[in-house]
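Thanks for asking me to look over this one.

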Amino acid sequence: MSQIQNHLESSSHILVLGMGGTIAGLASNPDSKPLQYDAGQVEISTLLAQIQSAIPGEIGLVSEQLANINSCNMSEPLLTLLGRAVKDALDNSRFKGIVITHGTDTIEETGLFLQLVCGRFAQNLGKRVVLTGAMLPANASNADGLKNLLDAIHWAASPLDNSPGGIYAVMGGRVCMAMDLAKRHTTALNAPIQSSPSSPVGLINPSWLSGVKAAEIAWHEDLSIPDGDAWPWVEILTSHGGAKGELVDALVAQGVEGIVIAGTGQGSVNQVLAERLVWAAQMGVAVVRSSRTGAGAVFSEIPEPDTAWNWLSARDLSPPKARIALQLALLEANSRKTEDWQSIFATI
Ligand code: SIN
């Protein structure tokens, strides 16, 4: 752990965990081709050094580089590493809050993961965990990363007057609960934090918090962080015209434990695929039905008979979020023995 600044009392420190992403990316021709870059090139300590003068004197920063990757290469062992680092830091009285720099491509999965494994813990302790990232590489002329990082640090360090501890995300001058992150645009600067009724969004200003109502929801008990090699195998299959069932057969033959269907519309599933997925559920594979539309919810029994087929609907979880939720539910059911994955998934 490299210590950047350590000059005040212990509880005022913010731990900044670097995971990589565009915020740490470099373009070889930043002026002419800023979108052609390699993610995860700049160390978190270097990014922090560039904003040091804008950090209020009472905030001490400590940084740790956990990874420096393009988040499309995020792995389950890395999620475990991150989850444990966050939990340890929450438990450490030295830290008032935690900021995580992360690639935006899979930030919504990490956001939900952290909510499920330490959201309640953070809320109980009154500490904020804040995910942030960028859409432009660090050396682009109008790079958004340093401003986002600064905003995230401010939010992690600011008093809990208006909003409790919990797992948040800050980008493009906006904040939302990390579980509401949803990257739905390839290049827009606020891509992961879209303003929609199902995703409470606030602006970083004195009154922004009125929009963040989800933080007040009494959260269920945190789920366990899987050991790095203990994550259940869950795949996402997309339903589309001309779908083939053979993929399901191959996955079941290989030992898949769960399948999330990215269904069409309200979660409808191509008949050919549905037939094989009914069979997969009979074989003991956990099947969850979500929608590939990108917004809105999938309701139980509409339009597919979930109960009859022993499937579950993902409600408002996107396919990648439903995958993380199903992995954690399967693992938790395995360790608790007293509950099945369906009842655990239903509480998420
Ligand atoms: C990544 O997800 O690591 C690359 C894209 C981004 O950060 O926006």
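1. A word on the source. Please keep in mind that this is a predicted model, and that every value in this note is computed from it.

2. Who surrounds the ligand? The residues around the ligand are Gly 21, Thr 22, Tyr 37, Asn 70, Ser 71, Gly 103, Thr 104, Asp 105, Ala 134 and Lys 183. Sorted by class, this shell holds 2 nonpolar, 6 polar and 2 charged residues.

3. For Asn 70, a side-chain N or O atom lies 3.2 Å from an oxygen of the ligand. As for cover, the ligand has 250 Å² of accessible area on its own, and the protein covers 97% of that area.

4. The pocket itself. Which pocket does the ligand take up? The ligand's space is the second largest pocket, with a volume of about 170 Å³. This pocket has 16 lining residues, and those nearest its centre are Thr 22, Tyr 37, Asp 105, Met 135 and Lys 183. By class, the lining of the second largest pocket consists of 6 nonpolar, 8 polar and 2 charged residues.

5. A cavity to look at separately. Searching the whole structure gives 2 cavities of 30 Å³ or more. The second largest cavity holds about 40 Å³ of space, and its lining is made up of Ile 23, Leu 47, Gln 50, Leu 136, Ala 138, Ala 143, Gly 145 and Leu 146. Two elements, α1 (44-51) and α4 (145-157), each give two or more residues to that lining. What classes of residue line this second largest cavity? There are 6 nonpolar and 2 polar residues, with no charged ones.

6. A cis peptide bond. Do have a look at the bond from Ile 302 to Pro 303, which is cis, with omega near -5°. Pro 303 sits in the loop that runs between β13 (286-291) and α7 (306-309).

7. A positive phi. Asn 310 is not a glycine, yet its phi is positive, at about 60°. You will find Asn 310 in the loop between α7 and β14 (311-313).

Technical notes
Residues numbered from 1 in each chain as written. Predicted model: local features only at pLDDT ≥ 70, side-chain atom pairs only at ≥ 80, totals over all residues. Heavy atoms only, no water. Near = heavy atom within 4 Å. Polar contact = N/O pair within 3.5 Å; in protein donor to acceptor, adjacent residues only side chain to side chain. Areas by Shrake-Rupley, 256 points an atom, 1.4 Å probe, with all protein chains shown as cover. 1 Å grid on protein atoms, 1.4 Å probe; cavity = no way out; pocket = protein on both sides within 12 Å on 5 of 7 lines; lining within 4 Å. Sits in = over half its atoms within 2 Å of the grid points. Nonpolar A, V, L, I, M, F, W, Y, C, P; charged D, E, K, R; others polar. Points joined across faces, edges and corners; volume = space filled by probe spheres on them. Helix = DSSP H or I, 4+ residues; strand = E, 2+ residues; numbered from the N terminus.
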